[in-house]
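This report covers a ligand site and the packing of some helices. The sequence and structure come first.

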Amino acid sequence: MTDQPFIYLDNNATTRVDPAVLDEMLPFLRESYGNPSSGYRHGKRVAEALENARERVAKLLGCEPSEILFTSCGTESTNAAIHSALALDRDRQQIITTRVEHSATLKTCEILAKRGCEVTWLGVDSTGQLDLAQLENAIRPDTALVTVMWANNETGVLFPIEKIAEITRRKGALLHTDAVQVIGKLPLRLADSGIQFLSLSGHKLHCPKGVGVLYVSRRTKFVPFLTGGGQEKGRRAGTENVASIVGLGKACELAGENMAHEQQTVRALRDRFEQGLLARIPGVQVNGDPVNRLPNTSSLAFDAIDSEAVLLLLDQHGICCSSGSACTTGSLHASHVLKAMGFSDDRARSSLRFSFGRFNTEQEVDLALEIIPQVISKLRRA
Ligand SMILES: *Cc1c(COP(=O)(O)O)cnc(C)c1O
């Protein structure tokens with residue numbers, strides 16, 4: 001068993017913690033355990049580390065440190081943005097979102113719709129793209145928020161967030177973007193972007209699970225989601241997850257330093273993998289806009305294949321990938337993202353997502369290119 005390969009091709013579900021991130025975290029789990037709100041030096045040193053992390057995150061996002069709010073995850077960040085926008089003005093209770101959002105947005109909007117909010121759902125075309133004219137027409141005087149993801153976690157399809165921000169700016173609507181899959185993969189600059197809220201998550205960025213960020217533009221009023229103590233300048237109550245926040249600061253610094261390089265190397269791995277599979281296996285289609293797509297993601301439909309069966313067989317060979325998004329695996333529903341693109345249940349159920357990252361190698365790709373065609377032809381014969 002020991003020489004079984006382990007090939008992790010599911011970096012959109014979560015990522016391995018970078019050893020350099022862990023190294024920066026450990027002192028805050030061992031000796032520097034003070035509460036950052038305490039008045040003595042043992043606490044103040046910790047508060048300084050928090051502010052240092054805030055600066056590092058702000059640098060990656062191209063914004064001010066005061067615009068960074070630490071949360072417990074990407075999901076909390078998104079909930080907080082939506083909650084704030086709705087709490088701001090009772091006469092603005094319409095939300096505009098898309099049918100391909102992560103469940104953090106999707107489920108939250110479904111629940112809000114049941115409670116009386118009006119939710120406008122924007123569809124996508126077969127490449128996974130939005131109709132921007134439709135988005136513009138959906139914005140009304142009572143729109144509380146437009147919440148649109150930047151990159152899709154299942155297909156990697158990128159929405160043109162700059163153009164969307166132009167529209168929301170022109171129409172006077174607030175804009176939140178779930179940028180969890182973009183951070184560390186593509187450069188961005190939030191200052192003067194027209195984006196009021198942005199969510200990110202540590203564990204998609206080589207930091208541990210359970211820490212996230214909500215960016216709130218300093219020109220935007222914010223109503224707290226979690227209330228209690230005065231942490232985060234009264235914007236997010238609860239004692240800070242110090243070690244993870246310190247880790248996130250380091251993860252953002254590493255992302256900034258490695259981005260240009262990783263964009264090339266990770267894209268090369270993804271392309272080698274995708275082209276290799278397309279050449280070796282008949283009846284494979286790429287899901288989603290092949291150009292406006294994250295450099296690390298490959299969503300593929302295999303004719304006459306049940307993706308759950310592939311997943312289990314690949315697992316036996318030490319390959320991790322995903323059938324749809326991790327959050328919906330285990331349920332029998334076909335991916336809502338692929339369905340929204342107009343694909344049949346069959347195509348959605350025959351699709352797999354492979355997502356690459358910092359720690360993948362060419363050797364792993366080549367081994368996967370040997371194993372996957374064997375698994376597919378075995379299942380097709382069965
Ligand atoms: C992973 C993910 C989230 C959720 O982040 P958590 O920190 O796990 O709550 C939200 N949106 C997208 C696009 C994601 O990929």
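## Ligand site and helix packing

The side chain of S201 places an N or O atom 2.6 Å from an oxygen atom of the ligand. This is a predicted model. For H203, a polar side-chain atom lies 2.9 Å from a ligand oxygen. For K204, an N or O atom of the side chain is 2.7 Å from an oxygen atom of the ligand. The ligand on its own has 390 Å² of accessible area, and the protein covers 90% of it.

| Residue | Side-chain atom | Ligand atom | Distance |
|---|---|---|---|
| S201 | N or O | oxygen | 2.6 Å |
| H203 | polar atom | oxygen | 2.9 Å |
| K204 | N or O | oxygen | 2.7 Å |

S201, H203 and K204 are among the residues around the ligand.

Now the helices. Helix 2 spans residues 41-61, and helix 8 spans residues 242-280. They pack at an angle of about 30 degrees, and their axes are 8 Å apart. Angles under 35 degrees count as roughly parallel, so helix 2 is roughly parallel to helix 8. The crossing of helix 2 past helix 8 is left-handed.

Helix 8 also packs with helix 12, which covers residues 362-381. Here the angle is about 20 degrees, with the axes 10 Å apart. That angle makes helix 8 roughly parallel to helix 12. Which hand does this crossing have, left or right? Helix 8 passes helix 12 in a right-handed crossing.

Definitions and conventions:
Residues numbered from 1 in each chain as written. Predicted model: local features only at pLDDT ≥ 70, side-chain atom pairs only at ≥ 80, totals over all residues. Heavy atoms only, no water. Near = heavy atom within 4 Å. Polar contact = N/O pair within 3.5 Å; in protein donor to acceptor, adjacent residues only side chain to side chain. Areas by Shrake-Rupley, 256 points an atom, 1.4 Å probe, with all protein chains shown as cover. Axes fitted to C-alpha atoms, helices over the stretch in contact; angles between N-to-C directions. Helix = DSSP H or I, 4+ residues; strand = E, 2+ residues; numbered from the N terminus. Parallel < 35°, antiparallel > 145°, perpendicular 65-115°, else oblique. Left-handed = near helix turned anticlockwise from the far one by under 90°.
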